[in-house]
Amino acid sequence: DGLVVSEKVKSNNIDVKIPKSELEAEKKGAEEERPRESDSNILDVSPDYPRDKHISIQRCLADLEKLADLREDERKPCPLCPEEKFKACYSHKLHRHLQNLHWKVSVEFEGYRMCICHLSCRPVKPNLVGDQTLSKMGAHYHCIICSATIVRRTDMIGHINRHVNKGETESRFITVRAPKSSYKVVKESATDVQVLPNHSTPQKTDSYFNPKMKLNRQLIFCALAVLAGERKPIECLDAFGATGIMGLQWAKHLRSSVKVTINDCNENSVTMIKENCHLNKMKVKLNMREEDNDETVGNGEENSDTIEVTKMDANVVMHLRSFDFIHLDPFGSSVSYLDSAFRNVRNLGIVSLTSTDISSLYAKAQHVALRHYGCNIVRTEYYKELAARAVIAAVTRAAARCNKGIEVLLAVALEHFVLVVVRVLRGPTPADDSAKKVRYLIHCQWCEERVFQKEGNMLEENPYQQLPCDCYGSMPGKTAVLLGPLWSGALFNTGFLRRMLLEAVHHGLDEAQSLLKTLVCEAECTTLKHFSTHSPGDENKQEECGVYIKTANTSAESYLVPGKRKSEEPLRSAAKRQRPEHSAEHPPFYYNIHRHSIKGMNMPKLNKFLNYLSEAGYRVSRTHFDPMGVRTNAPLAQFKTVLMKYSTPTYVGAQAEGPVHLPGEIQVGEEVPAATTIKAELAEDDKPGVATAVFTQSYPAHCAAD
């Protein structure tokens, strides 16, 4: 009866019987002994109990009760509470205490329960008086995997889940790579990559992989494929590899046209990139700082299936080497890498960057946008295009500091990211031309009309006169705000987008095809029904940055710029020539048809409204920034006039049974009847008074005529 419990000695892992009297003496000792006792291998009940676990971690309630040594005739203290919190009591009361206070609020993991602990393992701050003796012991949980103590139960559950997602299930957590059994293989565009279970959680995983960014990867691949058709081979860099999915897709589909370098500063990510290369039957070429092994190839061996993997900071690798194509996709903003990217990028090369800090770019955190991009923005109806122009303005300034100019080939702003693809033009003249396109924007906060500020350094007496609206004169106070600096040039290059579309069709990228068709229509400011996969008949006259675009009578694989990068003299001379006049820039910004709808009126269908604006003599197209947005060169006043003209009234009462000729049915160019004619046509309706009142108020005589 004197031997009540066994203790496993850490030195030789043998069972030692402890007399009950000695155990009670230890419990009645000083409180300083309890932390040391709880941190060591103490009071183990199950022989298969993992080592180095706290006393509060048990398999079942019976094991917890055995620690307390419940006796009906004796008072026993709680093993997980100090004496000043819970005094010794009889077995029935102690049983309820252990069950309700410790066991029911425990956290379960692989058959073990992490019960709440009130011992002095985690002392809280002393009271305001400063008396250390009055400081209370905070309730907490002990992690079964690591030595952390967590206060809240929900935080403990999240803490354990993070360990599981990283594959860390061993006792006494050590920073090691997760076992291969915890990996899962994800396939995208015929490329397999291994990822961890928490691959969609950035900053908490070494293998960040977001399936929602598939469209972003397809667009970047198409841009690289177009550049690979201009000159071969090209050196491309994926500065933030993570799993290496993007670089693997480049090397697997473009083969000998590209020399791929995948970089990441995290050692575990670099190891995973190498494993993913072998998974896709690609050879790995190590950089000079790494040691060779049997699975890699040396510097002398190179073929089309070789990928170079480096472990450096992104700024360092871009400072050390020159590339033709650079893609930046960090977590958050990429502005801190722009100077390094434009330092060594080759002439007529391409820099693409993906910004995922949409909270600042979409004007939810305006102070962050001012800090990162040096741009003042507010929430507007065209906030996505505002974000794209803010990013391009930062890119332009970074390129100009390196005596380089840019031409924007593509700018996409969707729900999760902002993608910008620019071509680099070396020289001070292109740098000056690009810098001049960074201007401020005057935005009316009443009607949301907007206009870029005029060029020049002279101050204007009344800058409100630049706005087409008259809100400043009719509304009280200051009505406009100055936004920017923003990029005021074009966001798309039509010829480059058409070539990207051909590459998307060639490689079967269905998701990118629909978006690229919308972008081509948006760049040309035309509707989708006038869209053609083939370029216009005068396509052989079109050039972009000195690189001629494929003509209509050539095959899909041939371009007018054959050869390698060494023949750059014709390109430099051609870059000085102007573009043809037919490639006019698209109008800046767009209007949301719902934002400017008339109260009490039913708007026309969006496609019909585009036709109405086009028949009125304006350039018009839809935009990928907003599904209900209309990009047009029409002023806002004319936009509202056409919208009002072809809107139909919303009836309060019942509709007339017979057909009613509404203004929405009248074609552009026909004479719109006056309000008196409409009254006569509605005279036989069931409730003519309602319809007549609506029509008379909504369509006065001076607005009815076309």
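**Stop 1**

"Meet" is about contact, that is, heavy atoms within 4.5 Å. Helices here are DSSP runs of H or I with at least four residues, strands are runs of E with at least two, and both are numbered from the N terminus.

Now draw the axes. Helix 6 and helix 16 pack at about 105 degrees, with their axes 9 Å apart. Axes are lines fitted to C-alpha atoms, for helices over the stretch in contact, and the angles run from 0 to 180 degrees between N-to-C directions. Helix 6 and helix 16 are therefore roughly perpendicular to each other.

**A word on the model**

This is a predicted model, where local features need pLDDT of at least 70 and side-chain atom pairs count only at pLDDT 80 or more, while totals for chains, interfaces and linings use all residues. Residues are numbered from 1 along each chain as its sequence is written, and side-chain values use heavy atoms, with hydrogens and water left out.

Colour by pLDDT, the predictor's confidence in each residue from 0 to 100. The mean for the protein chain is 76, and 68% of its residues reach 70 or more. Select residues 127-136: pLDDT stays under 50 there, and the model has six contacts beyond four places in sequence for them. Residues 171-178 are also below 50, with 21 contacts beyond near neighbours in sequence. Where pLDDT is low, the predicted coordinates should not be read in detail.

**Stop 2: bring in helix 17**

Which residues of helix 6 meet helix 17? Lys214, Leu215, Gln218 and Leu219 do, and their partners in helix 17 are Glu511, Ala512, Leu515 and Leu516. The axes of helix 6 (residues 214-230) and helix 17 come within 9 Å and cross at roughly 75 degrees, so the two helices are roughly perpendicular.

Next, show helix 16 (residues 494-507) with helix 17 (residues 510-524): their axes come within 9 Å and cross at roughly 165 degrees. That is why helix 16 and helix 17 count as roughly antiparallel. From helix 16, pick Thr494, Leu497, Arg498, Met500, Leu501, Ala504 and Val505; they meet Ala512, Gln513, Leu516, Lys517, Leu519, Val520, Ala523 and Glu524 in helix 17. The tally for this contact is 10 nonpolar, two polar and three charged.

**Stop 3: two residues at 0%**

Jump to Thr243, in the loop between strand 10 (234-238) and helix 7 (245-254). Is Thr243 buried or exposed? Its relative accessible area is 0%, so Thr243 is buried; the cut-offs are under 20% for buried, over 50% for exposed and partly exposed in between (1.4 Å probe, protein chains only). Leaving aside neighbours within four places in sequence, Thr243 touches residues including Val193, Val195, Tyr208, Phe209, Met272 and Asn276.

Then select Ser355 in strand 16 (residues 345-355). Ser355 is buried too, at 0% relative accessibility. Beyond four places in sequence, Ser355 touches Gly332, Ser334, Leu361, Tyr373, Val391, Phe417 and Val418.

**Stop 4**

Tyr472 sits in helix 15 (residues 471-474) and is partly exposed, at 41% relative accessibility. Outside four places in sequence, Tyr472 contacts Asn462, Tyr464, Gly477 and Thr479. Try the distance tool on C-alpha atoms: Tyr472 and Trp446, 26 residues apart along the chain, are separated by 9.2 Å.

Val481 belongs to strand 21 (residues 480-487). With neighbours within four places set aside, Val481 contacts Leu441, Ile442, His443 and Gln445. Val481 and Val378 are 103 residues apart in sequence, yet 9.0 Å apart C-alpha to C-alpha.

**Zoom out**

The protein chain has 23 helices and 28 strands. Of its 706 residues, 50% count as buried. Among contacts with a separation of 6 or more, 64% come from residues 24 or more positions apart.

How values were computed
Parallel < 35°, antiparallel > 145°, perpendicular 65-115°, else oblique. Nonpolar A, V, L, I, M, F, W, Y, C, P; charged D, E, K, R; others polar.
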